[in-house]
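Reader: Hi! Could we walk through the charged pairs and the helix burial in this one together?
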Amino acid sequence: MENRNPFEDIPGTTLFDAQRSRQGYHLNMFCMSLMKAENRTAFKADEAGYLQRFPMTAQQRDAVLQRDWNGLLALGANIYFLAKLFSTDGLSFQHVAALMTGSTQAEYAQMMRSGGRPIDGNRSKSEWNREALPPARSAAACSGSLRPAGKLGEALDKHRG
Amino acid sequence: MARIVAGVATSHVPAIGAAIDLGKTGEEYWQPLFRGYEPAKQWIAQAKPDVIILVYNDHASAFSLELIPTFALGCAAQFAPADEGWGPRPVPVVQGHPELAWHIAQAVILDEFDLTIVNNMAVDHGLTVPLSLMFGQPRQWPCPVIPLAVNVVQYPPPTGNRCYNLGKAIRRAVESFDQDLKVVVFGTGGMSHQLQGPRAGLINRQFDTRFLDNLTADPQQLARIPHLEYVREAGSEGIELVMWLVMRGALDEKVREVYRFYHVPASNTAVGHIILENE
């Protein structure tokens, strides 16, 4: 089926548009609540109980409990709001970015040091497919170990779902 | 008469702030980045602006989803560093310039740019990291700062062209202010980066280089870049570059590039920095 929204053709990317903002309002406001120390403490003490304070869907609550980062994006979370959640977990932007790409921390850090994920091969979904891995590194850095295909495939499926 | 003498653009990566605050600037990972800002520090020490207008975006710190102003101008006397979830950065409270800020708000609203006026706003790394990069770690920031927060979190941000034209309106407003002030405008954020999803880590050096080149060569062309192109070519968070165009619009048509620095990576991001002077 043809994509009517041209942004949907950009692979591995979720646009925080009006629809996602409406869908994710309470999920994001839950994340925002973690800006306060007392809320962080309450959340850590009883995550599932704390989530009941916010009128989110069961699927959104599950995704929070599982820390399913790509799933959360698909359910309307915005990355800057998710930052409140992963900061509560003591994780950095780079740590969570690596998890979202299905890479190990070392692989992701090495990719960034080698100039980042190249644009060529990463402009359109037509350049990605289930068999091929998204071009993750510059040619110079390709001699390392293979990235975990299964985990990445899973991440992609979730993202597409 | 107040006048805008120069523009500064720089990325505002939070990890840079953390590196400064935690004393890591001498580490092998960070050294090349901070070395790249040394000439900029010298430049601004000589330029000695009386006021900085700093264009940045809030990252769900002062504004949540309850209120999403497209352009919000800080008119308060001071702005406290925001607690972004791990305590506020240990940097000085930002002193505003209410007189000029209110003058700009009134002038640009009557010039048909309907800004939101803000009297109480914490400022996050988007504003404080550029100050740290340019001024280091002083006890007080050397001059007042007028924050201009642009929404780039909720799609759609304002267009590049709107930002460029707002810059022009701000210039007209500054030039109608009846005090002899030297103003420097900062445009912050970018350059190419994507923080989310399986494509996270995207960097597009070619796009960034062309963007830096066209700030002097063809800013009108930059003002025509559509959102789709930013997101596809520069990453979902690379769209922050529209904020650089407010700075560019506030300068003369012809400007001189006095300094440029580009470095990959700072965490997930391509760091770009440029200083432009009116001729």
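Predicted model: local features only at pLDDT ≥ 70, side-chain atom pairs only at ≥ 80, totals over all residues.

Reader: Which residue does Asp89(A) form a salt bridge with?
Author: With Arg67(A), where the closest N and O atoms are 2.6 Å apart. The pair links distant parts of the chain, 22 residues apart. Asp89(A) sits in the loop between helix H7 (79-88) and helix H8 (93-101) of chain A, while Arg67(A) sits in the loop between helix H5 (58-66) and helix H6 (69-74).

Reader: And is Arg67(A) buried or exposed?
Author: Arg67(A) is buried, at 17% relative accessibility; the cut-off for that class is under 20%.

Reader: Nice. How many salt bridges are there over all chains?
Author: The count comes to 16.

Reader: Let's hop to chain B. Where do Lys41(B) and Glu38(B) lie?
Author: Both are in helix H3 (residues 38-47) of chain B, three residues apart, about one turn of the helix.

Reader: Which residues are linked with Arg232(B) in a network of salt bridges?
Author: Asp120(A), Arg123(A) and Glu233(B) are linked with Arg232(B) in that network. Within it, the side chains of Arg232(B) and Glu233(B) meet at 3.9 Å, N to O.

Reader: How accessible are Arg232(B) and Glu233(B)?
Author: Arg232(B) is partly exposed, at 27% relative accessibility, whereas Glu233(B) is buried, at 11%.

Reader: New topic: why is helix H5 of chain B largely enclosed by the rest of the structure?
Author: Because 11 of the 11 residues in that helix, residues 125-135, are buried. Among them are His125(B), Leu127(B), Pro130(B), Met134(B) and Phe135(B).

Reader: What caps the N-terminal end of H5(B)?
Author: Asp124(B) does: one of its side-chain oxygens lies 2.9 Å from the backbone nitrogen of Gly126(B).

Reader: And what follows H5(B)?
Author: Gly136(B) follows H5(B), and its phi is positive, near 75°.

Definitions and conventions
Residues numbered from 1 in each chain as written. Chains lettered and ligands numbered in written order. Heavy atoms only, no water. Salt bridge = Lys/Arg side-chain N within 4 Å of Asp/Glu carboxyl O. Helix = DSSP H or I, 4+ residues; strand = E, 2+ residues; numbered from the N terminus. Buried < 20%, exposed > 50% of the residue type's maximum accessible area, 1.4 Å probe, protein only. Polar contact = N/O pair within 3.5 Å; in protein donor to acceptor, adjacent residues only side chain to side chain.
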